[in-house]
Every structure is written in structure tokens, then in C-alpha cells.
Amino acid sequence: TEIILKRNFTASKPFEKLTTDVKQFKVCNKKVFLAPIIYNREIIAYSVSFKPDLAQRITEQWKTFSED
């Protein structure tokens, strides 16, 4: 995939650049998945799941930003 941001995460206007990442952790011998939405190097929303079904959770987070 093409890297569009080239590690320049600073935005010149609000919500110009939103990124996401998925991290896996082990908690009490169970896998936990964290999916934050990042804006200007700060986490502005996140979801946590015990299954790697994060696409649905991220979609729910994006809906938060599109509501009036």
C-alpha cells in the first residue's frame, strides 16, 4: 500500500488527517484488541474487543464523527 502521510501526522485544519491503528495485548491469558482513532498524535476515540472484528467497531467510531 502507498504511504500517503509519510509520518507527517500534523494537520493544518481540524480533522484533515485521521489515522487508525490496531494493537493486540494479552490480558489474563486472553487477547484484547485496541483500535484507536488518532488526530494530531492524540487518541480521540477508541474501541476494545476480545475478537479481531475491529472493522465493525471502527465503522461505528467513524459514524460518531459524521453525525450532526
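1. The accessible surface of the chain comes to about 5,800 Å², and carbon and sulfur atoms hold 54% of it. Accessible areas come from the Shrake-Rupley method with a 1.4 Å probe, and for residues only the protein chains shown count as cover. The model is predicted: local features need pLDDT of at least 70, side-chain atom pairs count only at pLDDT 80 or more, and totals for chains, interfaces and linings use all residues. Residues are numbered from 1 along each chain as its sequence is written, and side-chain values use heavy atoms, with hydrogens and water left out.

2. **Overall layout.** The chain has one helix and four strands. Along the sequence the pattern reads β-β-β-β-α. Helices (H or I, at least four residues) and strands (E, at least two) are DSSP runs, numbered from the N terminus. Of the 68 residues in the chain, 22% are buried. Buried means under 20% relative accessible area, exposed means over 50%, and partly exposed lies in between (1.4 Å probe, protein chains only).

3. **Contact range.** Take the contacts in the chain with a separation of 6 or more: 22% of them join residues 24 or more positions apart. A contact here means heavy atoms within 4.5 Å.

4. **S2 and S3.** Strand S2 (23-27) and strand S3 (30-39) are separated by a loop that holds Cys28. The two strands run antiparallel and are joined by five bridges. Strands count as paired if DSSP finds at least two bridges between them. Lys26 stands opposite Lys31 in S3. Lys23 has Leu34 in S3 as its bridge partner.

5. **The S2-S3 turn.** S2 and S3 form a hairpin with two residues between them. Cys28 has a phi near 50°, positive in a residue other than glycine. Asn29 lies in the loop between S2 and S3, and its phi is near 60°, again positive in a residue other than glycine. These values deserve a look, because most residues other than glycine have a negative phi. Buried or exposed, where does Cys28 fall? Cys28 is exposed, because its relative accessible area is 72%. Asn29 also counts as exposed, at 75% relative accessibility.

6. S3 pairs with strand S4 (residues 42-49) in the antiparallel sense, over seven bridges. Pro36 has Tyr46 in S4 as its bridge partner. The hairpin of S3 and S4 has two residues between the strands, and Asn40 takes a positive phi near 50° there. S1 is joined to S3 by three bridges, and these strands run antiparallel. Thr20 has Ile37 in S3 as its bridge partner.

7. **Ala35.** Ala35 sits in strand S3. Ala35 counts as buried because its relative accessibility is 0%. Ala35 and Lys23 are 12 residues apart along the chain, and their C-alpha atoms are separated by 6.5 Å.

8. **Gln61 in the helix.** Gln61 is placed in helix H1 (residues 54-66). Why does Gln61 count as buried? Gln61 counts as buried because its relative accessibility is 7%. Leaving out residues up to four places away in sequence, Gln61 touches Ala35, Ile37, Ala45, Tyr46 and Ser47. Gln61 and Ser47 are 14 residues apart in sequence, with a C-alpha to C-alpha distance of 7.9 Å.

9. **Asn8 in the leading segment.** Asn8 lies in the segment before strand S1 (18-20). Asn8 is partly exposed, with a relative accessible area of 42%. Asn8 and Asn40 are 32 residues apart in sequence and 9.4 Å apart in space, C-alpha to C-alpha.

10. **Largest pocket.** About 150 Å³ of space lies in the largest pocket. A pocket is an open set of points on a 1 Å grid over the protein atoms alone where a 1.4 Å probe fits, with protein on both sides within 12 Å along at least five of seven lines; lining residues have an atom within 4 Å of a point. Grid points are joined across faces, edges and corners, and a volume is the space filled by probe spheres set on the points. Which residues line the largest pocket? The lining is Arg7, Phe9, Thr19, Thr20, Asp21, Ile38 and Arg41. By class, this lining has two nonpolar, two polar and three charged residues. Ala, Val, Leu, Ile, Met, Phe, Trp, Tyr, Cys and Pro count as nonpolar, Asp, Glu, Lys and Arg as charged, and the others, Gly among them, as polar.
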